[in-house]
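Please open the structure in the viewer and display the side chains. The tour below moves from one selection to the next and states what is found at each stop.

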Amino acid sequence: MPAQKNKATSYHLGQLKAKLAKLRRELITPSGGGGGGAGFDVARTGIASVGFVGFPSVGKSTLMSKLTGTHSEASEIDFTTLTTVPGTVKVHGAPIQILDLPGIIEGANDGRGRGKQVIAVARTCNLIFIVLDVLKPLGDKKIIESELEGFGIRLNKKPPNVVIDHDEIKAVLSEYRISNADVAIREANVTADDLVDVVEGNRVYIPALYIDAISIEELDLLYKIPMSVPVSSKEWMNIDELIDAMWKTLDLVRVYTKPRGLAPDYSQPVVLKRGKCTVEDFCNAIHREIAKQMKYAVVWGQSAKHSRDEDVVHISKK
């Protein structure tokens, strides 16, 4: 039978969680603001960005080079990649930026091995590829998840449906000097840690895929890891599945333009994020003035609001 906690214990635990979160925030926030630092920040291009995260010498650079054609130094020696190396891969006509990040080590979120700079860049990505060592994938997976969690990254999670609207949950809120608040909890199993995340307000929720460099014999075992895609860069095995998984996880949709009197242009789709793909979003993705000049729109496809992939749109101007 689980031990029962009284109100005083719950209050004390809540305060400790809040204090720990505040100390962690102070630890990971650069004193002068700014981003990842020299050699880590890169100009963002493409529709979305995907960051490679993993320990040194697990095959990130080899996979990056094969996917994008961009040279990223690969070697058996640890820490061959010392800066962020950007590249681009086209998927269904959409340019996706790939970022090969330097390898991290245990203790990275505390600053070991320039881990803070690396994880700061990962925080800004739309998707994280976690590249694992096939000889110890589960151990590496647990450590890397812990390092990213310590830096405020929540992998494959959605933000907790907790809304703070200024009278209580004293355990956490008193530590943040919120003495009077309405707390609306709109889902089951919300924990004190979830509440801390909401109050802190600096957590990022990023989907992640786990990549294992494997041989055929190890394929069945590694498929049992959730969100895992086993690949072989050397043999170019399972790369198509990796690209398909990347596209699905980024949750993008393609919309094709149709000029008056002409066939739809399927060569250059307008790529939008699912959930942000109305006719207005479509117009703004091309040019912000188009929505103002639009008289009406004609939509061919499964959804007039573009919640489906590969709709065709004709815009008629005033």
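Select E145, which is partly exposed, with a relative accessible area of 24%; the term covers values between the limits for buried (under 20% relative accessible area) and exposed (over 50%), computed with a 1.4 Å probe on protein chains only. The model is predicted: local features need pLDDT of at least 70, side-chain atom pairs count only at pLDDT 80 or more, and totals for chains, interfaces and linings use all residues. Residues are numbered from 1 along each chain as its sequence is written, and side-chain values use heavy atoms, with hydrogens and water left out.

Helices (H or I, at least four residues) and strands (E, at least two) are DSSP runs, numbered from the N terminus. K141 is buried, at a relative accessible area of 16%.

How many salt bridges does a search of the whole structure find? The search gives eight. Side chains of opposite charge can pair when their charged atoms come close.

Proceed to E149 and R154, whose side chains form a salt bridge (3.6 Å, N to O). E149 is partly exposed, with a relative accessible area of 35%, whereas R154 is buried, with a value of 6%.

Now select R254 and D309, where a further salt bridge joins the side chains (2.5 Å, N to O). R254 lies in strand β11 (residues 252-257) and D309 in the loop between β13 (294-300) and β14 (311-317), so the pair ties together parts that are 55 residues apart in sequence. R254 counts as buried at 10% relative accessibility, and D309 as partly exposed at 23%. Then select E149, R154, D197 and R203 together: salt bridges that share partners join these residues into one network.

The last two stops concern the backbone. Most residues other than glycine have a negative phi. Select S57, in the loop between β1 (48-54) and α2 (60-68); its phi is positive, near 60 degrees. S57 is partly exposed, with a relative accessible area of 40%.

Finally, select H92, in the loop between β2 (85-91) and β3 (94-100). Phi of H92 is likewise positive, near 55 degrees, and H92 is partly exposed, at 38% relative accessible area.

Definitions and conventions: A salt bridge is a side-chain nitrogen of Lys or Arg within 4 Å of a carboxyl oxygen of Asp or Glu.
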